[in-house]
Amino acid sequence: MVRRSFGGDDHIFVEFDEEMNLAATFRAMAVTATLAERRIDGVIDICPANVSYQVRFDPDLVAPQELEAELESIEDGVGDGTGFDLRTTIVEVPILYDDPWTRETASRFRSNRQDPEATDLEYAARINGFDAAGDFAAAHAGSPWIASMVGFVAGLPFLFQMVPRERQLEVPKYLSPRTDTPRQTIGHGGCFGSIYSVRGAGGYQMLGITPAPIYDPTQTHPDFADSLVFFKPGFIVKYLPIDREAYDELTAQVEARRFRFRQAPVTFSLGRFLADPDGYNRGLMEVLDGG
């Protein structure tokens with residue numbers, strides 16, 4: 001059941017489901033992508049999110065009821081989203097699992113954690129039925145993730161694992177939030193992964209860290225010429241596990257402003273993914289390798 005509500009005079013919010021799922025989230029992406037292409041006079045901002053989207057508009061240029069009717073028309077055209085192809089980007093994100101910085105941070109917040117004697121990665125492995133932290137890391141990096149929304153903190157992507165529901169990794173958040181999280185921590189809470197764009201408070205379990213910047217207010221890194229924020233909703237992530245030596249080498253590239261994400265344009269089809277998730281994912285994961 002679609003739920004619509006107005007926020008003041010200039011916002012409309014549309015929710016497709018009450019529970020996070022890829023189909024409803026992709027439908028929101030498809031609707032907002034179509035809306036953006038129509039360039040409707042008076043539409044100021046379009047924000048897709050988890051199973052929902054929000055539009056900011058100027059009521060002096062477009063009447064709320066007219067915009068609502070336009071959105072309903074787009075939603076009808078998009079349908080369940082299985083026939084829509086989303087032009088997006090696949091990006092490789094290097095990750096050092098079980099790094100010393102998130103381990104040290106976790107040790108300072110032992111009372112906030114479900115298992116004070118284990119690392120966050122060990123805890124995540126255990127509750128997901130893996131014998132070792134390395135097996136969990138392999139499952140974490142073994143399938144792509146889609147950025148379902150970007151926000152809450154500037155540039156922070158919420159990432160949803162693109163696997164059948166029964167194989168999805170799930171980890172509860174900390175019992176109470178931390179007051180500190182290293183910048184570029186790879187976190188996991190509930191069904192969502194995340195990359196912490198800045199240092200600050202957080203409640204997701206910390207699995208590792210990436211040397212790659214995802215938020216650059218100075219816009220001096222090569223990948224940020226057009227935007228302070230790297231991720232956009234719909235971006236697909238391929239994690240690349242790295243060791244400490246590779247982490248240090250990539251960090252040096254970042255500091256010298258020479259680091260570039262490996263990325264490529266890709267078209268994502270929900271219908272083809274749902275028909276063969278594993279086969280479709282193999283194709284996605286090979287894009288950056290020229291497969």
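**First selection: Thr 89**

Begin with Thr 89, which lies in strand 5; helices (H or I, at least four residues) and strands (E, at least two) are DSSP runs, numbered from the N terminus. The model is a predicted one, in which local features need pLDDT of at least 70 and side-chain atom pairs count only at pLDDT 80 or more, while totals for chains, interfaces and linings use all residues. Residues are numbered from 1 along each chain as its sequence is written, and side-chain values use heavy atoms, with hydrogens and water left out.

Thr 89 is buried, with a relative accessible area of 14%; buried means under 20% relative accessible area, exposed over 50%, and partly exposed in between (1.4 Å probe, protein chains only). Leaving aside neighbours within four places in sequence, the residues in contact with Thr 89 include Gly 234, Phe 235, Gln 263 and Val 266, where contact means heavy atoms within 4.5 Å.

**The two domains**

Next, colour domain 1 (3–80) and domain 2 (87–290) separately; these bounds come from an automatic or database domain assignment. Their centres, taken over C-alpha atoms, are 28 Å apart. At the boundary, 12 residues of domain 1 are in contact with 13 residues of domain 2. The area buried between the domains is about 1100 Å², with carbon and sulfur atoms giving 77%; buried area is the accessible area (1.4 Å probe) that two parts lose on being put together, summed over both.

Now select Glu 37 and Arg 87, which form a salt bridge with their closest N and O atoms 3.1 Å apart. A salt bridge is a side-chain nitrogen of Lys or Arg within 4 Å of a carboxyl oxygen of Asp or Glu. Helix 1 (22–38) and strand 3 (43–49) each supply at least two residues of the side of domain 1 that touches domain 2. The largest share, six residues, comes from helix 1.

**Helix 4 and its cover**

Move to helix 4 (residues 120–127), whose buried residues are Asp 120, Leu 121, Tyr 123, Ala 124 and Ala 125. After helix 4 comes Gly 129, whose phi is positive, near 85°.

**Salt bridges to finish**

The structure holds 20 salt bridges. In one of them, Arg 108 and Glu 104 meet at 2.8 Å, N to O. Being four residues apart in helix 3, Arg 108 and Glu 104 are separated by about one helical turn.

Select Arg 260 and Asp 223 next, a salt bridge with closest N and O atoms 2.8 Å apart. This pair links distant parts of the chain, 37 residues apart. Arg 260 is partly exposed at 49% relative accessible area, whereas Asp 223 is buried at 16%.

Finally, display Glu 92, Lys 238, Arg 262 and Asp 289, which are linked in a network of salt bridges.
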